[in-house]
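Thanks for coming. I have a few minutes on one structure, so please look at the display and follow along.

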Amino acid sequence: MTDFIKKNIYLIILFIITLSIGFLTFLTFIDKGFIKLTDKNLQYLLILNILLLTSLFVFIFFEIRRAIKTDIDNDGLKSNKKYITIFALFTLIPSVLISIFSLFLFSFALEKYFDKKVTTVVNNSYELAQNYVEEIRNKIQSDIVLIAFDTNKSKNFLNDNPKEYKRFLDTQKLIRGVDEIHIIDINKKLLFTSLQDNQPYIPPVDRALTLVLDDDRPLKIINAPENMSAAIMRLQSFDDRFLYVIKYLDKDISKYLTESEEAINFYYTVEEKSTGIKISFAIIYVIVVSVLLFVSISIAIRFSSRFFRSINNLINASVSIGEGKFDTKVPEVKTDKDLEILNKNFNLMIDRLKNQQEKLIINERHEAWSNLARKLAHEIKNPLTPIQLTIDRMKTKYSNQVNENEKQNFDENLKIINNQIKQIGNLVNEFSDFARMPKPILKKNNLIQIIQENIKLLNELDNSINISINNNQKEIFLNSDKEQLARVFFNLIKNSIESIQQRAENDSNLEKKITIEVNEENNHIIINIIDNGIGFGIFAANIKDILNPYFTTKKNGTGLGLSIVSKIINDHNGKIEFIPLDAGAKIKIDFVK
């Protein structure tokens, strides 16, 4: 999610701006925004909406095209685009249908909003509130006339007595249903009042008093924000005295009246701008639907690229394997957990197929060489016996007939022939051993012990060479044929000794050493034999030929030792690898338990 936001930050900013302008246009149409409702302002807002909406569409188009080109076209699968199209349609079609239905519903609701009955109710509610206030105002006007009449008539009775005035005014207040009655002078000074001592006195405005100086008629004073209706009137029987009467409206009536006025103004504003409201609503909906469509397509592209890239990799890998290319690997890509497991298992399967193919090839090669060795041993062994008998006869028959000068030469020649016959006999025996390699008899054997026993034997060949063994466990067991594995380690360590001896002939200061590492890791036993001899440099170009039968670099070698080693390792579900080093060589054996 964070990557998606970072990748599309500019689009998100543009969407927020476009949506905000759309809402501002809507609020302006209904006269609820901070921009004044004028035709010119609305025109500017609509043009800005169109420009931003166009920019949003263009931005979305290029972003989708870039995403398709980057994540879909490179994979080369038609299924990708098919699923993208399906995702887009599943978002677009319902969105379009909902938008059409919503616009129709909004238009229908807006028309119902301006129904004649609704208009009548709105108007009547406002008129009712106005009539109520007007009634209160008119009543206060009639009440002040009656209070003034009684006050003028009681002039002699009152005689400016504060107590009598107080009682008289309280009686008038109760009878007339008003809240406050004041008698003031021309300077608005309070002379007599119905207020209690702790109640504040609010004088009338100057203009009201001025209007009744020379007029005996009552004057209504309206102060709606204070939720109050009042009247003032000159008292004819008194010099420069005025009657000031106050009636407080219901505590919520002023608020109701203001709200009713605002509501009716809003109602007629909306009625007048209904077309523009529909347009702004449609713009907002198009903006939201466009972004939802983009998000849907982006999710589809992301899902498709993650899913089908893995599928495409598997298809390409399977094609390569079908062509016999077992070095192929499925690239490790970030995708769903199940697909990652599938990729990993597919690569493991390729490794197993490769190992099985290599083992099959090795077995076929050994079988072929075994057949050849069997035939060679048979063909060579047959004439050896008559040759040996003939030499013995010649020695018996002619030994006494040769003179003393030639006898020594004669005996040496016979000895050379005998030696060659023995050497050929040894070669025939090796051929026979290679041809008759028995199947391993598997038992649980400790590899550390087998290697240590062979090191002890081989130290007798050259005790000047330091042979060390490093292992991560005291005992490492493998189901194996002990005699065959002993033959493997004996041959390999012996080859390392001979390699070091050859190098020591040219370097008397050579520190002779062989390091054997034996480690058990998971289901594998890794054995590394490292020496600082002459290494594989003399045939590095043909290092793969080392395991071929009859391939040798030794003057008197048969080339069968490493072939036998390779076959034994292969029969024990392992593989051997020869690695040249700058100073020496490394032989790596990997057994799978």
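Asn573 sits in the loop between α15 and β11; helices (H or I, at least four residues) and strands (E, at least two) are DSSP runs, numbered from the N terminus. Asn573 has a positive phi of about 60°, although it is not a glycine. With a relative accessible area of 34%, Asn573 is partly exposed. On that scale, buried means under 20% relative accessible area, exposed means over 50%, and partly exposed is in between, with a 1.4 Å probe and protein chains only.

Some housekeeping. This is a predicted model, in which local features need pLDDT of at least 70 and side-chain atom pairs count only at pLDDT 80 or more, while totals for chains, interfaces and linings use all residues. Residues are numbered from 1 along each chain as its sequence is written, and side-chain values use heavy atoms, with hydrogens and water left out.

Asp240 is another non-glycine residue with a positive phi, of about 50°. Asp240 is in the loop between β4 (228-234) and β5 (241-248), and at 49% relative accessibility it counts as partly exposed.

Now the strands. β9 and β10 run antiparallel and are joined by eight bridges; two strands pair if DSSP finds at least two bridges between them. Val518 has Ile527 of β10 as its bridge partner. The hairpin of β9 and β10 has two residues between the strands, and Asn522 there takes a positive phi near 55°. β10 also pairs with β12, again antiparallel, over eight bridges. In that direction, Asp531 stands opposite Ala585 in β12. Six of the eight residues of β10 are buried, so the strand is largely enclosed by the rest of the structure.

What lies in the loop between β10 and α15? Asn532 is found there, and it is buried at 10% relative accessible area. A polar atom of its side chain lies 2.5 Å from the backbone oxygen of Glu511, and the side chain of Asn532 also reaches the backbone nitrogen of Lys513 at 3.4 Å. Both are polar contacts, that is, pairs of N or O atoms within 3.5 Å; within protein, one must be able to donate a hydrogen and the other to accept it, and residues adjacent in sequence count only if both atoms are side-chain atoms.

Next, the largest nonpolar core, which has 35 residues. A nonpolar core is a set of buried Ala, Val, Leu, Ile, Met, Phe, Trp, Tyr and Cys residues joined through side-chain atoms within 4.5 Å. Among those with the most contacts inside this core are Phe489, Ile493 and Ile527. Elements giving two or more residues to this core include α14 (482-504), β9 (513-521) and β10 (524-531). The largest share, eight residues, comes from α14. Leaving aside neighbours within four places in sequence, Ile493 is in contact (heavy atoms within 4.5 Å) with Ile455, Leu458, Ile467, Ile514 and Ile516. A second, separate core of 18 residues includes Tyr165 and Leu169.

Last, helix α7. Which residues of α7 are buried? They are Glu164, Tyr165, Phe168, Leu169, Gln172 and Arg176. Just after α7, Gly177 takes a positive phi of about 75°.
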